[in-house]
Structures are given as C-alpha cells and as structure tokens.
Amino acid sequence: MSRHLLALPTLLSLLMPSASPADNWPEFRGPTAQGVVRHGRLPTEWAPDKNVTWKQTIPGNGWSSPVLWGGRVYLTTSVPDGKDLSLRALCLDAATGKVVWDKEAIRQEAGKAPRIHGKNTDASATPVVDGKRLYAHFGHLGTACLDLDGNVVWRNTELRYAPVHGNGGSPVLVDDLLVFSIDGADKQAVVALDRGTGFVRWQTDRQSRAVKTFSFGTPLVIEVGGAKQVVSQGSNVVSALDPKTGLEVWKVRTTGYSVVPRPVFGHGLLFVCTGFDAPSLLAIRPDGKGDVTDTHVAWKTSRNVPLTPSPLLHGDELYLISDRGVASCLDAKTGKVHWEERVGGNHSSSPLVADGKVYFQSEEGVGTVVRAATTFARVAKNDMKERTLASCAAADGSLYLRTETHLYRIDAPAEKGEN
C-alpha cells in the first residue's frame, strides 16, 4: 500500500513531552483520557455575555473537541472550497483566542466524500497533540501529522473504507504509535500507524458477528499487570490488543452497534457502553485471556445508559448522562444507583469533572453543573444559546467550549484582592 509522506522524522524527541500533562489537554477527554481535571477549579457560571474571556469564530463545520498544549489551542474543521472539501487544522492563542495559523491537512475531491448523518461532520474526530506534533484524524478521509507551526509532516489517505453516517472515532497515542479504529460497512479493524512516518505498523481485523458493523469508537490505553493494553470497541465486541503486535489479549462479546462512548477504567474494572439499539453498561475485569464474556463481566446495567456521551469515573462513583438528558450516579464497584435526575436537553458531548463538580453540556447549548456526590445537587445551569455537540476541554482553570460557529474560553471572575 502506498503512503503519502512529506518527511520522515525519526528523532526520539518526537516522543518526549515538552510540558507537564497537568497543564495541557492533549486528546479527547484530556490528559487522563477520561474527562478528569486533576488540578484546580473551573468556572461554574457562564453565558454568551458572562465570564467569557474571548470567543473566536471557527470557519466551516466540525464537532471535534479542542485540545491544548503549551498555551495554544488546536482543533479541526471541514470547509467547503469550491466543489472540494478542505479538511483543516487550526491553532489559536489560548490567552487571546487569536488564530495563529489555519492550514489544510487533507483535501477531499468533489463528490468523493460520502453523505454523513445530520448530527455529524467531516471533522468530528478530536486531534491529538504531544508537544511536538499535532495528529489530525478524519476517519475514512485520512490522517495527517503537522508540526506545531502548521507544516504537514506526513499524510496517510490510503486506509479507505465505506463509512456509515461519516466518521467520529478519535485516535490515541501509545508509545511510538497512533492508533484508531476502522468500523465501516465493508471493513472493521484497529490500525496502528508509526507516529513518525504514517506507515501502517499493524492492522488487526475485528472478530465479530455483528449484522450492523459500523461504529465510532475511540480506543483507551490501560495498564494491567504491568503491560499496556489498547482497548477498542466495535459493533458486538470490545477487545484488548497488545500495542506492540496488535494481537488480541482478550475480548467480550456484546450486543450493540454504532458504538460511540469511550470506555473508562478504574478500580480494576473497565466500563463500556454497548451502543444501539438498547444500550447496556458492562463492568469488565481486564485481566483475562481469550474470550472472557462468561467469566469477566463483574456487573451490568441497562438503566439510562448513554448511546453517545462517554461515562465518567470519579472516586468510587460512575456518572452517566443519557442522550435524552437523564443524569445518574452509580457505585462503580457494584452498579448500585445512588441517584437519577433529569437535567434536560439532548446530550452528545462527554462530561468532565473538576474540583468535585460534574459538567454536562447539552446539544441545545445548556451546560449543567452538579456536585460529584452520592446525593444530587445542582450547582448551576448555563445557556450559551447555540447548538453544541463537542465535548469541552479544560486547562489552567479555563473551560473551552465549542459551539456550532464559535470557540469560547470561559473563566471564573477574579475574586476581590486578586490582580
């Protein structure tokens, strides 16, 4: 298979971060990959004209989440250019919102991009930044690596497949690999590219009997018994792969397709949502070998399980928000329900937690903040009055919220006595 390479960087420095992960938000769901803000507080109140430090118009269409590194914000978008489609990466100054650069990563020729779902875009996958490079993934349309000045380092546009409803799953970095899933109508696999060259290092086909094979999963890297696993979900299956070889370590058979939520991991359990039509949430012990469907599922539930938003693990509690706006808090070890409350709206974005508070963002633009506790308590409700499906990002006490046309930086007002 041919690859489109613009450079062959091999320096080990590509693999070394240049700043503390706590100060950055490098991938979908942040430095933990699970939506947890480990340090500091975030604002709890905002509106289009309240606690907004800046807002910047973003051209085109995209529901990718912003990522942050070293005082800069990166995101992707899809911009019509005549009859073609320009898939672009943008860099903004985190302090001012000013666009530092706006570069085309991949060009899609007219008429060759398949139709997508009305809630999707051609730039829905969140990029990854590692302090040296930005990796912009557009699913079936291709993947590009850019340096942080916006120069394209390599492209791989040869991994074609037949998507259903477009693309959506984001990539993840593990060691010297960029890993993502391919789950279309004709092909289902997990792929690892060499992060320095864009070459395919391994490709593992899914082993599933799903009738509807399309999904939009984002892998999660976990460590079990001192060894890394790449957990990847597709239709009717969740499996763990050895990142060095791509070989399957274990799998659990499920029932569901069009899987979107990213798994979370803690307390020795992996929490996965199974997808359409009737979603369940499974708590899996990831220390098995082979098919562990009958032996390693610790508990499961089908109450108000999301089809799109990812679950959130904080302490001993697991927080969920269903697509129809029912929030719930469960004991992560047993599945016992502590509370269920309708917060309203329709939900696609994944929640995050900071300073003992959980943040939910609805498609209608309403952000709901609740206490991260075993009893329900609403802290605030904030209406941006603009559609949003992207998950929020956070860094240095600021919340970054992408709406249909803008990117906002939101900050709490300075307390009296502060400069």
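Which residues is threonine 301 in contact with, leaving aside its neighbours within four places in sequence? In this predicted model, threonine 301 is in contact with Ser280, Leu281 and Leu330, where contact means heavy atoms within 4.5 Å. Threonine 301 belongs to strand S24 (residues 297-301); helices (H or I, at least four residues) and strands (E, at least two) are DSSP runs, numbered from the N terminus. With a relative accessible area of 14%, threonine 301 is buried; buried means under 20% relative accessible area, exposed over 50%, and partly exposed in between (1.4 Å probe, protein chains only). The side chain of threonine 301 also reaches the backbone nitrogen of arginine 303 at 3.3 Å.

Residues are numbered from 1 along each chain as its sequence is written, and side-chain values use heavy atoms, with hydrogens and water left out. Because the model is predicted, local features need pLDDT of at least 70 and side-chain atom pairs count only at pLDDT 80 or more, while totals for chains, interfaces and linings use all residues. The average pLDDT of the chain (the predictor's confidence in each residue, from 0 to 100) is 92, and 92% of the residues score at least 70. Over residues 1-21 the pLDDT is below 50, and this stretch has 52 contacts in the model beyond near neighbours in sequence. Where pLDDT is low, the predicted coordinates should not be read in detail.

The largest nonpolar core holds 28 residues, of which Leu42, Trp46, Leu68, Leu92 and Leu352 touch the most other members. Such a core is a set of buried Ala, Val, Leu, Ile, Met, Phe, Trp, Tyr and Cys residues joined through side-chain atoms within 4.5 Å. At least two residues of this core come from each of several strands, including strand S5 (72-81), strand S6 (84-93) and strand S29 (352-354). A second, separate core of 20 residues includes Trp69, Leu134, Ala144 and Val152. Not counting residues up to four places away in sequence, leucine 42 touches Val37, Leu352, Ala354, Tyr359, Ala394, Gly397, Ser398 and Leu399.

Five strands form an open sheet in the order S2-S29-S30-S31-S32, with mixed pairing; two strands pair if DSSP finds at least two bridges between them. Strand S2 (36-37) and strand S32 (378-383) are the edge strands, each pairing on one side only. The pairing of S29 with strand S30 (residues 357-361) is antiparallel, over three bridges. Alanine 354 has lysine 357 in S30 as its bridge partner.

The structure holds 10 aromatic pairs. Rings of Phe, Tyr and Trp (its six-membered ring) pair if their centres lie within 6.5 Å; planes under 30 degrees apart count as stacked, over 60 as edge-to-face and the rest as tilted. Phenylalanine 271 lies in strand S21 (residues 269-273) and tryptophan 299 in strand S24, so the pair ties together parts that are 28 residues apart in sequence. Both phenylalanine 271 and tryptophan 299 are buried. Tyrosine 319 and tryptophan 339 form another tilted pair, with 6.3 Å centre to centre and 50 degrees between the planes. Tyrosine 319 is in strand S26 (residues 317-321) and tryptophan 339 in strand S28 (residues 337-342), 20 residues apart. Tyrosine 319 is buried at 0% relative accessibility, and tryptophan 339 is buried at 6%. One aromatic cluster is formed by Phe214, Phe216, Tyr257 and Phe276.

Definitions and conventions
A polar contact is a pair of N or O atoms within 3.5 Å; within protein, one must be able to donate a hydrogen and the other to accept it, and residues adjacent in sequence count only if both atoms are side-chain atoms.
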